[in-house]
Amino acid sequence: MDAADPLAQCRARFVLPEGVIYLDGNSLGALPVATAGRVAETVERQWGTDLIASWNTHGWIDAPARLGARIAPLIGAGADEVIVADSTSANLFKLLVAACEARSGQSTILTEAGNFPTDLYVAQGVAATLPGRRVHAASDVAAAIDADTAVVLLTHVHYKSGAMLDMAAITAAAQAAGALVLWDLSHSVGAIEIDLNGCGADLAVGCGYKYLNGGPGAPAFLYVARALQEGLQSPLTGWMGHAAPFDFSDDYAAAPGMKRFLCGTPPILGMAALEAGLDTFDGVTMDAVVAKSRALSALLIAGIDARCPALTLVSPRDAAVRGSHVSVAHDHAWEICQALIARGVVGDFRAPDVLRLGLTALYTSFEDVWRAVEIIADVLAHESWRDPAYAVRAAVT
Ligand SMILES: *Cc1c(COP(=O)(O)O)cnc(C)c1O
């Protein structure tokens with residue numbers, strides 16, 4: 001399968017340590033080979049030699065829009081509909097407030113119970129900040145949409161289960177009720193096919209350090225459908241979102257287009273690393289990424305079914321409604337995860353009982369998956385996870 005893999009040569013674009021099978025690119029993408037040199041060039045030659053002139057001569061000031069335009073084709077958006085800025089959490093805040101203000105006659109932010117924590121917490125903060133707003137976290141979101149729904153906030157691929165929601169159907173249902181929809185693409189961008197324009201999506205945010213390989217804490221992105229841009233107002237009216245920041249006017253005037261969703265000065269070192277991360281998608285179609293992701297997941301699920309009866313599959317079996325990670329449950333998932341890391345198989349744990357195994361089409365090989373299954377089966381069969389050393393919980397799981 002590796003010999004027949006059209007993406008096999010992409011693995012050479014990454015630094016992957018010897019003896020490690022890395023199945024956590026859904027949480028922190030692997031380091032691209034080009035990143036260290038790109039960051040060093042930005043630090044030493046641009047910052048070190050050309051100093052402040054670099055804002056103009058090295059395109060620093062244009063980085064948010066330039067990188068946004070490179071993410072656009074990965075998510076089915078126009079180049080002028082995406083901009084890179086801030087963190088996913090901060091972008092959620094900006095777009096949720098803007099959307100609530102645009103639907104001032106409706107009071108509910110509707111989201112999914114069990115959504116990613118930052119999405120829930122930011123929604124709660126927005127409701128506490130804007131008078132008369134409330135958050136409703138429903139288990140069946142589609143059924144809970146009503147005339148009072150201002151915004152539907154959903155994560156496209158669930159961080160824990162890997163289940164994918166029907167973006168087109170939910171978007172259409174919300175819009176028919178007069179609501180806006182805000183999609184969090186953190187677990188889908190760079191991993192699965194996304195067609196924001198084709199689904200008529202209103203708003204989206206997403207993460208730069210997962211499948212986009214931008215490095216720890218990489219800048220995030222936001223998307224606003226072209227037709228909505230001029231009607232929405234960011235609540236974080238910083239100078240970089242001003243129509244003419246270098247006029248130094250006393251009064252705020254929103255920039256046209258996506259720039260109004262910028263706030264402060266872009267983090268250029270992080271942008272340089274993210275740009276190197278986006279380069280890892282050069283010449284790669286999302287069709288090829290999806291086909292390989294599904295083949296990798298099928299091999300992993302077949303191996304777990306056949307060799308690991310102690311594990312319960314949490315992710316959907318149907319690849320059409322699954323993202324690019326496979327989650328399994330076990331009462332001792334934390335200890336199993338640590339025992340696997342000690343054997344070179346790096347996945348991660350999500351409380352209370354989920355082990356996540358991420359498949360990244362650009363650098364996971366079929367041999368990786370095959371060998372990982374062997375090691376998982378061995379750790380379970382011999383219960384080596386019972387070693388007390390594996391019981392200690394770390395700060396980051
Ligand atoms: C990873 C992730 C985030 C990350 O938010 P940060 O602001 O970068 O910490 C947000 N939402 C979802 C669904 C995620 O998976």
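How many bridges join β11 to strand β12? I will come to that after saying that this is a predicted model.

The count is 2 bridges, between β11 and residues 325-329 of β12, and the two strands run antiparallel. One of the positions to look at is T312, whose bridge partner in β12 is A329.

These strands belong to an open sheet of 4 strands, with antiparallel pairing and the order β11-β12-β15-β14. At its edges stand β11, residues 312-313, and β14, residues 348-350; each has a single partner strand, so one side of each is left without a neighbour in the sheet. Helix α11, residues 333-342, lies across β14 and β15. Its direction is at about 40 degrees to β15, which covers residues 354-358.

Now the other sheet. Here 7 strands form an open sheet with mixed pairing, and the order is β4-β10-β9-β8-β7-β5-β6. The edge strands are β4, at 82-85, and β6, at 134-138, and each of them pairs on one side only. On average, neighbouring strands of this sheet are turned by 20 degrees against each other, direction ignored.

Inside that order, take β5 and β7. Strand β5, residues 108-112, and strand β7, residues 149-155, run parallel and are joined by 4 bridges. Opposite L110 stands V152 in β7. At the β4 end of the order, helix α3, residues 63-75, lies across β4 and β10, the latter being 220-224. The helix runs at about 125 degrees to β4.

Next, the ligand. Among the residues around it are S87, T88, S89, F116, T118, D119, T155 and D184, and the list also includes S186, H187, Y209 and K210. From a polar side-chain atom of K210 to an oxygen atom of the ligand, the distance is 2.5 Å. For H187, an N or O atom of the side chain is 2.9 Å from an oxygen atom of the ligand. For D119, a polar side-chain atom lies 3.3 Å from a nitrogen atom of the ligand. On its own the ligand has 390 Å² of accessible area, and the protein covers 87% of that.

Last, the aromatics. The structure holds 8 aromatic pairs. One of them is F116 with Y159, edge-to-face, at 5.1 Å centre to centre and 85 degrees between the planes. F116 sits in the loop between β5 and α5, and Y159 in the loop between β7 and α7, so the pair ties together parts that are 43 residues apart in sequence. F116 is also one of the residues around the ligand.

Conventions: Residues numbered from 1 in each chain as written. Predicted model: local features only at pLDDT ≥ 70, side-chain atom pairs only at ≥ 80, totals over all residues. Heavy atoms only, no water. Pairing = 2+ DSSP bridges. Axes fitted to C-alpha atoms, helices over the stretch in contact; angles between N-to-C directions. Contact = heavy atoms within 4.5 Å. Near = heavy atom within 4 Å. Polar contact = N/O pair within 3.5 Å; in protein donor to acceptor, adjacent residues only side chain to side chain. Areas by Shrake-Rupley, 256 points an atom, 1.4 Å probe, with all protein chains shown as cover. Phe/Tyr/Trp six-rings, centres within 6.5 Å; stacked < 30°, edge-to-face > 60°.
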